[in-house]
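Subject: Structure handover

Hello,

Please find the structure below, followed by notes on what came out of going through it.

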Amino acid sequence: MFQLKYSHLSMTLVSGLLAFYSNSVSAAEAKESAQEPLELRQQIERLQQDYQSQIDALKKRLDEGHSSSVTNSSQQSSSLRIGLSGLFAAGGSSVDNATLANLQAGGHDPKQNGFTLQNVELSIAGTVDNYLDAQANLIYLMNPKGETIMELEEAFFTTRNLPGGLQIKGGQYYTEFGRQNKQHPHTWGFVDQPVILSRFFGGDGLRSQGARVSWLMPTDTYSELTLGMQNPKGETVTSFLNAAGEDIGGYTLTDRRARNSSDLLYSARWLSGIDLSDNLSMNVGISGLWGPNASGLTTDTEILGADLYLKWQSAYSQKGYPFVAWHSEFLQRRYEAGDVAREVLKDQGYFTQVLWGFKPGWVAGLRWEDAKADGNTSTDTLRDNRQRLSPNLTWYTSEYSKVRLQYNRDWAEHLPNKTADSVWLQVEFSLGSHMAHTF
Amino acid sequence: MKITYKHFLWLLSFTIMSGSLHAALKVETTTQDLAAIAKAVGGEHIHVHSLTPGTRDPHFAAAKPSMIRKVYSADLLVVVGADMEIGWLPPLLQSARNSRVQPGNSGYLDLSEAVPLLGKIQGPVSRDMGDVHAKGNPHYWLDPRNGIRMANAIALRLGQLDPEHVTEYQKNVELFEKTLNTKLQGWKKTLQHLKGKPVIAYHRSFIYLAEAFGFRIVDEVEPKPGITPSAASLAKLITRIKNEQIDLLIMEPYYERRSARYLKEKTGLHIAVIPQSVGAQEGITTYVDLFDNIVSALKVRGVN
C-alpha cells in the first residue's frame, strides 16, 4: 500500500510538472498565432513604431550622458566561481584520543589532542546554460591515522527557469532537513557539529544522490515547500541503509538494498521566513524523513525536526555588525530495529545557540545541547544521555579568514568520569571567489 | 456551495485588483538610492522596493528569505554592480527562480555599466590590498552627474519593458535631469570653499563626491580599504594631517567614531558625518534630499 502511494505521488509530481511546462509553452504560441483583424494589427504596428522612436530618443539621451571615457566592459562577473577554503584546528581534551574520537563524532570535528586538518573544500559553481546552474564541492581531510581522504561532498544542478515558483535540484547533495545539515563546516558558528546531528546523520551530514522539487508558494511572505527522494544507502545516510557491519542500538546492520521506490529515502521540508521588523527576521521550519533501515529487511526509520532562527541586526550596522542570531533545532528519531523480535528505538535531542557580533569582526557564541534515548543506553556512545555547553569567541580577521577559540564542557554517561573538558583553536582561510554572506 | 451575487462581486473586485497590480511594473533595487531614482523616473507606473535599507553598508547584506520572495515577483532588478552585491546577490538570484531578472536578460539592469567608473585597479590585484574592487569603485551614485546617467539608463529600460508609458518616463527623466542640473549649480556654490582642499575620508567611498565638488581625498582612516585602523596607522595619519594642514575628515554614519574622535583630539580637524545613501538618515527620501543633506553636512563643519 505504502509502495503504491509513494510511486503514485512521484509519478503525479513529474507528470504534473511536465504538463505545467508544456501548457505554458503552448499558451504562448497560441497567443502569437491568434488572428487579429488587419486593421487592429496595423494600429498596433503604428503604436509600436511610436514607442520605438521614443525609446530611440531615450537611448540617444543615454549616449549623450555618457562621457567618452565610459569603457566599462559589459561582462558579467566571471561565469565560474572557484574557491578553496581550509579549516584547521589545534587543541586538547581532558580525555584520551580514543575517548575523544567518540565524543567528537562529527567527521570534520577536531577529534585528537594536537592538530587536526578539519576540512579543505574546493568549490566550483556557475551557470551551465539558460536552464541550469550547477555546483560541485570536493572535500579533502586527514583522518587521525594521517591518511588523506577525498570525498565528492556535493555535485548537483538546480533549474533556473521552471514556471510557478518551482525548482528542481538533482545529483549528490545535502538533504534539506533543518537549517544546519545543509551548511558546510566553514560556515558553522562553532568548531564542531551538534551532537544530535552526528547521532542521526553521521559524521558527514545527511547527503545522497537523488532529486527534489521545491515550490516557492504564492504567499506574501516567504514560504517554501521541498519534497525529495534520495538513495537511502551508504555511510552518509546513517539512520537508513548505513554501511553493512555498522551498529545502531546494538543491532548490526545488514547489506540491505533499496529494491523499489518504497525503499527510497523521502524527505519533506517547509520553511517560512518573516521580517518581524526592519531589524529582526525569523525563519521557522519543519522537516521529515522517511526511509528503510538496515537493521532488518522490513524495518523503517522516521526522523522529524523543527527549527527556528531569529536574527537581529542593528539599523546602523558596519560590515553587518552588531547582530544577534539565535538558532535552535529539535530532532527526534523512531528507528524500527530487527525483523524477528522487533524493537522501536526512540532518540531525541536539541541544540540551541546564540551568536553575538558585538563589534565589527568579533563574534561571541554560546551553545547548549542535549541528547538522549529510550532504554538502557548508558554505554552506547551515540545513544547515551549527553549534554554539552560550548562558549566560543571568533575573530573574523577579514571576509576571507577567521580565528576561533572554543571551550567544550561535556556531560556524557559513557565517559569514565562522566565529564570532559576540551579547548579548541580553529583557523580558516579562503582563496578564490568571494564567498556568500550567510544569513 | 451556492454561488451568490456577493461571491461574484467579491471575485470580480479581486480580479480587478490583481489586474491593476499587474499593470504597474514591479521594480526591485539593491539600494535605496537606486529605488529613489527609479521612483523619480517611473512615477506611478512602477512599484519600487529596495532590498537593503540606506542605513546599512550594502556590501555586507545577506540574502534573507524575504528577499527571495521579492526578487521572485520582480519585473526589473536594478543593481549597483561593480561587485558591490557580490556577497549576496548570486545566491539570491539562484534561489529566486525568476529568469526575467537573471544577468543578461531584460529584467536585469546593472547601472555600473551606465557610468564612468573611477578607481579601476591597474595591474595585479591582491587581497593584501584590502577590500578593493578591481572593476572600479562602486560608490558612483555620490556624484549627481552619475545620478543623471543612472536615471537615463533606468528610463530607457522602463521604456523597453513598458512601452505604453514611455512618454511619461521620458518626461520624468527630463524633469529629473533639469532639477538636478539646477540644484548642482547651487550645491557647487555652497561648497566652493572646499575646492582643491585636501580631505581625509574614513573609507575609500567618497572619490565620486570629491570629483563632483572638486576637493581632494588625500588619505583614508582605514590603512587599507576595509581594514580597521591600528594605533600605528593612526599615528602616521596624525603626522600627515599636521604636516599638510588637513582640516576635514568625512565618514559614513555607520563607521565607528572612536578613531575619528581621536584624530580630532590630536589635530583639531573637523569631522563631517555624511549620509552616504537615501534613507541613511531620517528625512532623506529622494536623490535630491540626499545631496541637500550631504552639502549641508559639508557646509557646517565642526558640528561633531
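I start with one helix of chain B. In the predicted model, helix H9 (residues 258-267) of chain B has B:Ser259, B:Ala260 and B:Leu263 as its buried residues. Viewed down the axis of H9(B), these buried residues fall within an arc of 100 degrees, so they line one face of the helix. They pack against three elements of chain B: helix H8 (231-243), strand E7 (248-251) and strand E8 (270-273). The face of H9(B) turned away from the buried side holds B:Arg258, B:Arg261 and B:Glu265, which are exposed. Just after H9(B) comes B:Gly268, with a positive phi of about 80 degrees.

Chain B also has an open sheet of four strands, in the order E2-E1-E3-E4 and with parallel pairing. Strand E2 (46-50) and strand E4 (108-110) of chain B are at the edges with a single partner strand each, so one side of each is left without a neighbour in the sheet. From one strand to the next, the twist averages 20 degrees.

Now chain A. It contains four helices and 18 strands. The chain has 439 residues, of which 35% count as buried. Taking the contacts in chain A between residues at least 6 apart in sequence, 61% join residues at least 24 apart.

Strand E1 (residues 80-93) of chain A runs antiparallel to strand E2 (residues 114-127) of chain A, and 12 bridges join the two. A:Leu84 has A:Leu122 in E2(A) as its bridge partner. E2(A) also pairs in the antiparallel sense with strand E3 (residues 132-142) of chain A, here over eight bridges. In that pairing A:Val120 is opposite A:Tyr140 of E3(A). E2(A) and E3(A) form a hairpin, with four residues between them. As background for reading these pairings, side chains in a regular strand alternate between the two faces of the sheet.

On the interface: 45 residues of chain A are in contact with 49 residues of chain B. On the chain A side, the elements that give two or more residues are helix H2 (38-65), strand E10 (265-275), strand E11 (280-292) and strand E12 (300-318). H2(A) provides the largest share of that side, nine residues. Sorted by class, the side of chain A that touches chain B has 15 nonpolar, 23 polar and seven charged residues.

Finally, confidence. Chain A has a mean pLDDT of 86, and 88% of its residues reach 70 or more. Two stretches of chain A are to be noted here. Over residues 1-34 of chain A, pLDDT stays under 50, and the model has 16 contacts beyond four places in sequence for them. Over residues 67-77 of chain A, pLDDT also stays under 50, with 11 contacts beyond four places in sequence in the model. The interface counts above use all residues, whatever their pLDDT.

Regards

Terms used:
Residues are numbered from 1 along each chain as its sequence is written. Chains are lettered from A and ligands numbered from 1 in the order in which they are written. A residue is buried if 20 or more other C-beta atoms lie within 10 Å of its own, exposed if 12 or fewer, and partly exposed in between; C-beta atoms are placed from the backbone. Two residues are in contact if their C-beta atoms, placed from the backbone, lie within 7 Å. Ala, Val, Leu, Ile, Met, Phe, Trp, Tyr, Cys and Pro count as nonpolar, Asp, Glu, Lys and Arg as charged, and the others, Gly among them, as polar. pLDDT is the predictor's confidence in each residue, from 0 to 100. Two strands pair if DSSP finds at least two bridges between them. The arc is that of the directions from the helix axis to the C-beta atoms. Axes are lines fitted to C-alpha atoms, for helices over the stretch in contact, and angles run from 0 to 180 degrees between N-to-C directions.
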